[in-house]
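Okay, thanks for coming, everyone. Have a look at the model on the screen, and I'll walk you through a few spots in it.

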Amino acid sequence: MISPLLSIRGVKTFYGRVMALRGVDLDVNEGEIVTLIGANGAGKSTLMMTVCGNPRAREGSITFDGRDITRLPPHQIAKLRIAQSPEGRRIFSRMTVLENLQMGAAIADPQHFKDDLARVCALFPRLEKRMTQRGGTLSGGEQQMLAISRALMSRPRLLLLDEPSLGLAPLLTKQIFAAIRELNERDRLTVFLVEQNAYRALKLAHRGYVIVNGLITLTGTGSELLERPEVRAAYLEAGKH
(Lines give C-alpha, C1' and ligand atoms only; values in the text may rest on other atoms or scores of the structure.)
Protein backbone atom coordinates (compact mmCIF):
# COMPACT_ATOMS: atom_id res chain seq x y z
CA MET A 1 0.00 0.00 0.00
CA ILE A 2 1.34 3.43 -1.00
CA SER A 3 1.75 5.88 1.88
CA PRO A 4 0.10 9.31 1.54
CA LEU A 5 2.37 12.23 0.72
CA LEU A 6 0.73 14.17 3.60
CA SER A 7 -0.80 12.32 6.53
CA ILE A 8 -2.51 14.07 9.45
CA ARG A 9 -3.48 11.97 12.45
CA GLY A 10 -5.33 13.03 15.59
CA VAL A 11 -4.21 16.63 15.29
CA LYS A 12 -5.39 19.03 17.98
CA THR A 13 -4.49 22.70 17.73
CA PHE A 14 -5.20 25.41 20.28
CA TYR A 15 -5.31 29.19 20.35
CA GLY A 16 -4.58 29.77 24.01
CA ARG A 17 -7.13 27.58 25.79
CA VAL A 18 -9.50 27.40 22.83
CA MET A 19 -9.30 24.12 20.91
CA ALA A 20 -9.57 24.94 17.19
CA LEU A 21 -8.86 21.44 15.84
CA ARG A 22 -10.31 18.55 17.80
CA GLY A 23 -8.47 15.50 16.47
CA VAL A 24 -8.27 15.79 12.69
CA ASP A 25 -7.41 12.83 10.43
CA LEU A 26 -6.72 13.63 6.76
CA ASP A 27 -4.59 12.25 3.90
CA VAL A 28 -3.34 13.77 0.66
CA ASN A 29 -1.88 11.30 -1.84
CA GLU A 30 0.78 12.23 -4.36
CA GLY A 31 -0.71 13.68 -7.54
CA GLU A 32 -4.10 14.42 -5.99
CA ILE A 33 -6.13 17.56 -5.53
CA VAL A 34 -7.77 17.29 -2.11
CA THR A 35 -10.15 19.97 -0.91
CA LEU A 36 -11.31 20.87 2.59
CA ILE A 37 -14.65 22.64 2.87
CA GLY A 38 -16.50 24.05 5.85
CA ALA A 39 -18.15 27.14 7.24
CA ASN A 40 -16.28 30.21 8.49
CA GLY A 41 -14.51 29.38 11.74
CA ALA A 42 -14.69 25.60 11.19
CA GLY A 43 -10.89 25.23 11.33
CA LYS A 44 -9.95 25.11 7.64
CA SER A 45 -7.22 27.75 7.69
CA THR A 46 -6.02 26.60 11.11
CA LEU A 47 -5.40 23.12 9.72
CA MET A 48 -3.44 24.48 6.78
CA MET A 49 -1.35 26.73 9.02
CA THR A 50 -0.75 23.83 11.42
CA VAL A 51 0.70 21.80 8.54
CA CYS A 52 3.14 24.70 8.01
CA GLY A 53 4.11 24.75 11.70
CA ASN A 54 2.42 27.93 12.94
CA PRO A 55 0.46 27.31 15.12
CA ARG A 56 1.98 23.99 16.08
CA ALA A 57 -0.14 20.91 16.74
CA ARG A 58 -0.40 20.27 20.48
CA GLU A 59 -1.42 16.64 19.97
CA GLY A 60 -1.31 14.20 17.07
CA SER A 61 1.12 13.89 14.17
CA ILE A 62 1.74 15.36 10.71
CA THR A 63 3.83 13.28 8.31
CA PHE A 64 5.16 14.43 4.94
CA ASP A 65 6.71 11.89 2.57
CA GLY A 66 7.20 9.51 5.49
CA ARG A 67 8.88 12.10 7.73
CA ASP A 68 7.30 13.41 10.93
CA ILE A 69 7.18 17.21 10.59
CA THR A 70 4.92 17.90 13.59
CA ARG A 71 7.63 19.65 15.60
CA LEU A 72 9.62 21.24 12.81
CA PRO A 73 9.78 25.05 12.59
CA PRO A 74 8.09 26.64 9.55
CA HIS A 75 11.33 27.44 7.66
CA GLN A 76 12.41 23.80 7.80
CA ILE A 77 8.98 22.65 6.62
CA ALA A 78 9.25 25.04 3.65
CA LYS A 79 12.64 23.52 2.74
CA LEU A 80 10.93 20.14 2.36
CA ARG A 81 9.11 21.74 -0.61
CA ILE A 82 5.77 22.44 1.02
CA ALA A 83 4.58 25.85 -0.21
CA GLN A 84 1.55 27.85 0.86
CA SER A 85 -0.48 30.54 -0.85
CA PRO A 86 -2.13 31.94 2.29
CA GLU A 87 -5.58 33.33 2.91
CA GLY A 88 -5.61 37.06 2.12
CA ARG A 89 -2.67 36.59 -0.31
CA ARG A 90 -0.12 38.35 1.94
CA ILE A 91 2.10 39.43 -0.90
CA PHE A 92 4.85 41.96 -0.22
CA SER A 93 2.93 45.06 -1.25
CA ARG A 94 5.93 47.41 -1.48
CA MET A 95 7.97 44.99 -3.55
CA THR A 96 7.59 44.60 -7.30
CA VAL A 97 6.02 41.50 -8.83
CA LEU A 98 9.49 40.27 -9.78
CA GLU A 99 10.83 40.82 -6.25
CA ASN A 100 7.87 38.87 -4.82
CA LEU A 101 8.68 35.99 -7.16
CA GLN A 102 12.35 36.16 -6.17
CA MET A 103 11.31 35.81 -2.53
CA GLY A 104 9.34 32.69 -3.42
CA ALA A 105 12.38 31.26 -5.20
CA ALA A 106 14.73 31.88 -2.25
CA ILE A 107 14.88 28.18 -1.26
CA ALA A 108 15.01 26.82 -4.82
CA ASP A 109 18.09 26.19 -6.97
CA PRO A 110 18.95 29.54 -8.63
CA GLN A 111 19.71 27.86 -11.95
CA HIS A 112 16.00 27.08 -12.37
CA PHE A 113 14.86 30.70 -11.83
CA LYS A 114 14.49 31.69 -15.49
CA ASP A 115 12.58 28.53 -16.38
CA ASP A 116 10.32 28.85 -13.35
CA LEU A 117 9.66 32.51 -14.10
CA ALA A 118 8.67 31.61 -17.66
CA ARG A 119 6.40 28.85 -16.32
CA VAL A 120 4.41 31.14 -13.99
CA CYS A 121 4.16 33.80 -16.71
CA ALA A 122 2.72 31.18 -19.07
CA LEU A 123 0.25 30.17 -16.38
CA PHE A 124 -0.71 33.78 -15.57
CA PRO A 125 0.20 36.00 -18.58
CA ARG A 126 -1.02 39.14 -16.76
CA LEU A 127 1.94 38.94 -14.40
CA GLU A 128 4.47 39.22 -17.21
CA LYS A 129 3.17 42.72 -17.98
CA ARG A 130 3.36 43.72 -14.32
CA MET A 131 6.92 42.65 -13.42
CA THR A 132 8.11 46.11 -12.40
CA GLN A 133 4.85 47.10 -10.70
CA ARG A 134 4.52 47.10 -6.92
CA GLY A 135 2.43 44.24 -5.57
CA GLY A 136 0.14 46.55 -3.63
CA THR A 137 -0.99 48.29 -6.83
CA LEU A 138 -2.26 45.08 -8.46
CA SER A 139 -5.94 44.17 -8.65
CA GLY A 140 -7.26 41.52 -6.25
CA GLY A 141 -7.17 38.87 -8.97
CA GLU A 142 -3.63 39.77 -9.97
CA GLN A 143 -2.52 39.65 -6.32
CA GLN A 144 -3.99 36.14 -6.06
CA MET A 145 -2.13 35.08 -9.20
CA LEU A 146 1.05 36.52 -7.69
CA ALA A 147 0.53 34.72 -4.37
CA ILE A 148 0.12 31.37 -6.16
CA SER A 149 3.08 32.09 -8.46
CA ARG A 150 5.29 33.06 -5.52
CA ALA A 151 4.52 29.67 -3.93
CA LEU A 152 5.24 27.87 -7.21
CA MET A 153 8.66 29.49 -7.49
CA SER A 154 9.88 27.29 -4.64
CA ARG A 155 9.21 24.20 -6.82
CA PRO A 156 6.87 22.59 -4.28
CA ARG A 157 5.93 18.95 -4.09
CA LEU A 158 2.84 19.98 -2.13
CA LEU A 159 1.00 23.24 -2.77
CA LEU A 160 -1.33 24.50 -0.04
CA LEU A 161 -3.95 26.94 -1.33
CA ASP A 162 -6.02 28.80 1.26
CA GLU A 163 -9.17 30.46 -0.17
CA PRO A 164 -7.75 31.26 -3.63
CA SER A 165 -11.12 32.55 -4.92
CA LEU A 166 -11.95 34.76 -1.92
CA GLY A 167 -13.22 38.16 -3.03
CA LEU A 168 -12.73 37.46 -6.74
CA ALA A 169 -15.22 37.97 -9.55
CA PRO A 170 -16.61 34.74 -11.08
CA LEU A 171 -14.50 35.07 -14.26
CA LEU A 172 -11.27 35.41 -12.27
CA THR A 173 -12.31 32.52 -10.02
CA LYS A 174 -12.72 30.40 -13.15
CA GLN A 175 -9.21 31.36 -14.33
CA ILE A 176 -7.65 30.52 -10.95
CA PHE A 177 -9.33 27.11 -10.82
CA ALA A 178 -8.32 26.38 -14.43
CA ALA A 179 -4.70 27.13 -13.47
CA ILE A 180 -4.90 24.76 -10.49
CA ARG A 181 -6.25 22.00 -12.73
CA GLU A 182 -3.46 22.62 -15.27
CA LEU A 183 -0.75 22.44 -12.60
CA ASN A 184 -2.14 19.14 -11.37
CA GLU A 185 -2.73 17.53 -14.76
CA ARG A 186 0.39 18.80 -16.56
CA ASP A 187 2.94 18.84 -13.74
CA ARG A 188 1.33 16.22 -11.45
CA LEU A 189 1.52 18.80 -8.66
CA THR A 190 -0.14 17.69 -5.44
CA VAL A 191 -2.60 20.29 -4.16
CA PHE A 192 -4.35 20.68 -0.80
CA LEU A 193 -7.08 23.26 -1.27
CA VAL A 194 -9.12 25.11 1.36
CA GLU A 195 -12.01 26.87 -0.30
CA GLN A 196 -15.38 28.42 0.55
CA ASN A 197 -16.68 28.00 -2.99
CA ALA A 198 -17.55 24.37 -2.26
CA TYR A 199 -19.14 23.69 -5.63
CA ARG A 200 -16.07 24.69 -7.65
CA ALA A 201 -13.69 23.05 -5.18
CA LEU A 202 -15.49 19.69 -5.21
CA LYS A 203 -15.83 19.76 -9.00
CA LEU A 204 -12.06 20.19 -9.20
CA ALA A 205 -10.94 17.82 -6.43
CA HIS A 206 -10.24 14.12 -6.61
CA ARG A 207 -11.28 13.82 -2.96
CA GLY A 208 -12.75 16.10 -0.33
CA TYR A 209 -13.26 16.47 3.40
CA VAL A 210 -15.88 18.42 5.31
CA ILE A 211 -14.82 20.04 8.59
CA VAL A 212 -17.31 21.20 11.24
CA ASN A 213 -16.17 22.81 14.50
CA GLY A 214 -12.66 21.41 14.24
CA LEU A 215 -13.69 17.85 13.35
CA ILE A 216 -13.83 16.03 10.02
CA THR A 217 -17.45 14.92 9.58
CA LEU A 218 -17.49 13.61 5.98
CA THR A 219 -15.04 12.42 3.36
CA GLY A 220 -15.35 11.03 -0.14
CA THR A 221 -14.56 11.74 -3.77
CA GLY A 222 -15.43 15.21 -5.00
CA SER A 223 -18.38 13.85 -6.98
CA GLU A 224 -19.65 11.80 -4.02
CA LEU A 225 -19.65 14.84 -1.73
CA LEU A 226 -21.41 16.93 -4.39
CA GLU A 227 -24.28 14.44 -4.25
CA ARG A 228 -24.58 14.30 -0.46
CA PRO A 229 -27.81 16.07 0.58
CA GLU A 230 -26.27 17.51 3.76
CA VAL A 231 -23.37 18.96 1.75
CA ARG A 232 -25.73 20.38 -0.86
CA ALA A 233 -27.92 21.98 1.80
CA ALA A 234 -25.07 23.47 3.85
CA TYR A 235 -22.52 24.51 1.24
CA LEU A 236 -23.79 24.36 -2.34
CA GLU A 237 -27.02 26.30 -2.63
CA ALA A 238 -25.28 29.65 -3.19
CA GLY A 239 -22.04 28.45 -4.75
CA LYS A 240 -22.81 27.52 -8.35
CA HIS A 241 -20.94 30.25 -10.19
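Let me start with a question: is Thr 96 buried or exposed? Thr 96 is buried, because its relative accessible area is 18%, and buried here means under 20%, with exposed being over 50% and partly exposed in between, using a 1.4 Å probe and protein chains only.

Before I go on, some housekeeping. This is a predicted model, where local features need pLDDT of at least 70, side-chain atom pairs count only at pLDDT 80 or more, and totals for chains, interfaces and linings use all residues. Residues are numbered from 1 along each chain as its sequence is written, and side-chain values use heavy atoms, with hydrogens and water left out.

Back to Thr 96. You'll find Thr 96 in the loop between strand S6 (82-85) and H3; helices are DSSP runs of H or I with at least four residues, strands are E runs of at least two, and both are numbered from the N terminus. If we set aside neighbours within four places in sequence, Thr 96 contacts Met 131, Thr 132, Gln 133, Arg 134 and Gly 135, contact being heavy atoms within 4.5 Å.

Now on to H3 itself. Helix H3, residues 97-104, packs with helix H6, residues 140-152, at an angle of about 35°, and their axes are 7 Å apart. The axes are lines fitted to C-alpha atoms, for helices over the stretch in contact, and angles run from 0 to 180 degrees between N-to-C directions. So who meets whom? From H3 we have Val 97, Asn 100, Leu 101 and Gly 104, and across from them in H6 are Leu 146, Ser 149 and Arg 150. Sorted by type, the residues of that contact are three nonpolar, three polar and one charged. For that sorting, Ala, Val, Leu, Ile, Met, Phe, Trp, Tyr, Cys and Pro are nonpolar, Asp, Glu, Lys and Arg are charged, and the others, Gly among them, are polar.

Follow the chain past H6 and there's Arg 155, in the loop between H6 and strand S7 (158-162). Arg 155 isn't a glycine, yet its phi is positive, about 55°. Arg 155 counts as partly exposed, because its relative accessibility is 29%.

There's another one like that: Asp 65, in the loop between S4 and strand S5 (67-68). Asp 65 has a positive phi near 50°, again in a residue other than glycine, and Asp 65 is partly exposed at 47% relative accessibility.

Next, H1. Helix H1 (residues 44-51) has seven of its eight residues buried, so H1 is largely enclosed by the rest of the structure. The buried ones are Lys 44, Ser 45, Thr 46, Leu 47, Met 48, Thr 50 and Val 51. Just after H1, Gly 53 has a positive phi of about 95°. Then comes a cis peptide bond from Asn 54 to Pro 55, with omega near 5°, and Pro 55 is in the loop between H1 and strand S4 (59-64).

Last stop is Gly 220, in strand S10 (residues 215-221). Gly 220 is buried, at 11% relative accessibility. Not counting residues up to four places away in sequence, Gly 220 touches Arg 207, Gly 208 and Leu 225. That's it from me, so over to you.
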